Amino acid sequence: MDPNSVKSTLSNLAFENVMAAAARDYKKEMLAQEKAQSSTSVNQEVDLDELMDHPELEKLHADRITALKKEAEKREALKRQGHGEYREISEGDFLGEVTGSEKVVCHFYHKEFYRCKIMDKHLKALASKHLDTKFIKLDAEKRDCSR
């Protein structure tokens with residue numbers, strides 16, 4: 001046997017053994033990390049269970065429910081005032097509609113104009129999304145001649 005080939009074979013075997021050992025060590029480290037993570041999550045679950053009965057959390061929960069109820073009442077009051085819908089009003093109703101709400105968008109439209117029809121479509125979509133604003137339209141062509 002050639003001494004160089006024996007030496008080469010021995011060094012290849014040693015390299016393969018080192019790589020196999022490194023792979024085993026890496027696998028052991030990964031398993032240890034998974035075990036640590038699973039035990040940490042179990043500890044967190046226990047901590048969460050303890051927190052659920054905490055009086056401060058109950059107070060926060062009650063406060064949030066109260067705030068949500070107030071928001072719902074406010075939304076209902078705004079809907080009664082005409083918020084959340086896009087509707088047409090007459091010239092005589094204009095002042096009452098505009099002064100009755102904090103935020104109002106009024107579209108003075110002309111039924112023959114194509115751009116006014118496009119604007120109507122967009123304002124109708126916005127009205128349902130923005131309950132804090134009243135969306136109305138007024139026919140600019142109609143005039144109250146009794147004044």
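Colleague: How many salt bridges does the structure hold?

Modeller: The structure holds seven salt bridges. Keep in mind that this is a predicted model.

Colleague: Start with aspartate 63. Which residue does it form a salt bridge with?

Modeller: Lysine 59. The closest N and O atoms of aspartate 63 and lysine 59 are 3.1 Å apart. Both residues lie in helix H2, residues 55–80. They are four residues apart, about one turn of the helix.

Colleague: Why does aspartate 63 count as partly exposed?

Modeller: Its relative accessibility is 41%.

Colleague: What about lysine 103? Which residue is its salt bridge partner?

Modeller: Aspartate 132, with the closest N and O atoms 3.0 Å apart. This pair links distant parts of the chain. Lysine 103 is in the loop between helix H3 (94–99) and E2. Aspartate 132 is in the loop between H4 and E3. The two are 29 residues apart.

Colleague: Is lysine 103 buried or partly exposed?

Modeller: Lysine 103 counts as partly exposed, at 38% relative accessibility. Aspartate 132 is partly exposed, with a relative accessible area of 38%.

Colleague: Which residues do salt bridges with shared partners join into one network?

Modeller: Glu85, Arg87, Glu97 and Lys134.

Colleague: Change of topic. What does the secondary structure come to?

Modeller: Four helices and three strands. From the N terminus on, the elements run α-α-β-α-β-α-β.

Colleague: In what order do the three strands form the sheet?

Modeller: E1-E3-E2, in an open sheet with parallel pairing. E1 and E2 are the edge strands, and each pairs on one side only. The twist averages 30° from one strand to the next.

Colleague: How many bridges join E2 to E3?

Modeller: Six, and E2 and E3 run parallel. Take histidine 107: its bridge partner in E3 is lysine 137.

Colleague: Lysine 137, then. Buried or exposed?

Modeller: Lysine 137 counts as buried, because its relative accessibility is 17% and the cut-off for buried is under 20%.

Colleague: What does lysine 137 touch, leaving out residues up to four places away in sequence?

Modeller: Tyr86, Arg87, Glu88, Ile89, His107, Tyr109 and Asp120. Of these, Asp120 is one of the buried residues of H4.

Colleague: Which are the buried residues of H4?

Modeller: Cys116, Asp120, Leu123 and Ala127. They cover an arc of only 75° around the axis, so they sit on the same side of H4.

Colleague: What covers them?

Modeller: The cover includes strand E1 (86–89), strand E2 (104–109) and strand E3 (134–139).

Colleague: And which exposed residues are on the face turned away from the buried side?

Modeller: Tyr114, Arg115, Lys121 and Lys129.

Colleague: How far apart are the end C-alpha atoms of H4?

Modeller: They are 24 Å apart. H4 has 16 residues, 114–129, and at 1.5 Å a residue it should span 22 Å, so the two values agree.

Colleague: Back to the strands. Where is valine 104 found?

Modeller: Valine 104 is in strand E2. It counts as partly exposed, at 25% relative accessibility. Not counting residues up to four places away in sequence, valine 104 touches Glu97, Val98, Thr133, Lys134 and Ile136.

Colleague: What separates the C-alpha atoms of valine 104 and threonine 133?

Modeller: 5.4 Å, although the two residues are 29 residues apart along the chain.

Colleague: For the whole protein, what share of contacts with a separation of 6 or more comes from residues 24 or more positions apart?

Modeller: 70%.

Colleague: Last one. What percentage of the 147 residues is buried?

Modeller: Buried residues make up 15%. Lysine 137 counts as one of the buried residues.

Definitions and conventions
Residues are numbered from 1 along each chain as its sequence is written. This is a predicted model: local features need pLDDT of at least 70, side-chain atom pairs count only at pLDDT 80 or more; totals for chains, interfaces and linings use all residues. Side-chain values use heavy atoms; hydrogens and water are left out. The expected span of a helix is 1.5 Å times one less than its number of residues. Buried means under 20% relative accessible area, exposed over 50%, partly exposed in between (1.4 Å probe, protein chains only). The arc is that of the directions from the helix axis to the C-beta atoms. Contact means heavy atoms within 4.5 Å. A salt bridge is a side-chain nitrogen of Lys or Arg within 4 Å of a carboxyl oxygen of Asp or Glu. Two strands pair if DSSP finds at least two bridges between them. Axes are lines fitted to C-alpha atoms, for helices over the stretch in contact, and angles run from 0 to 180 degrees between N-to-C directions.
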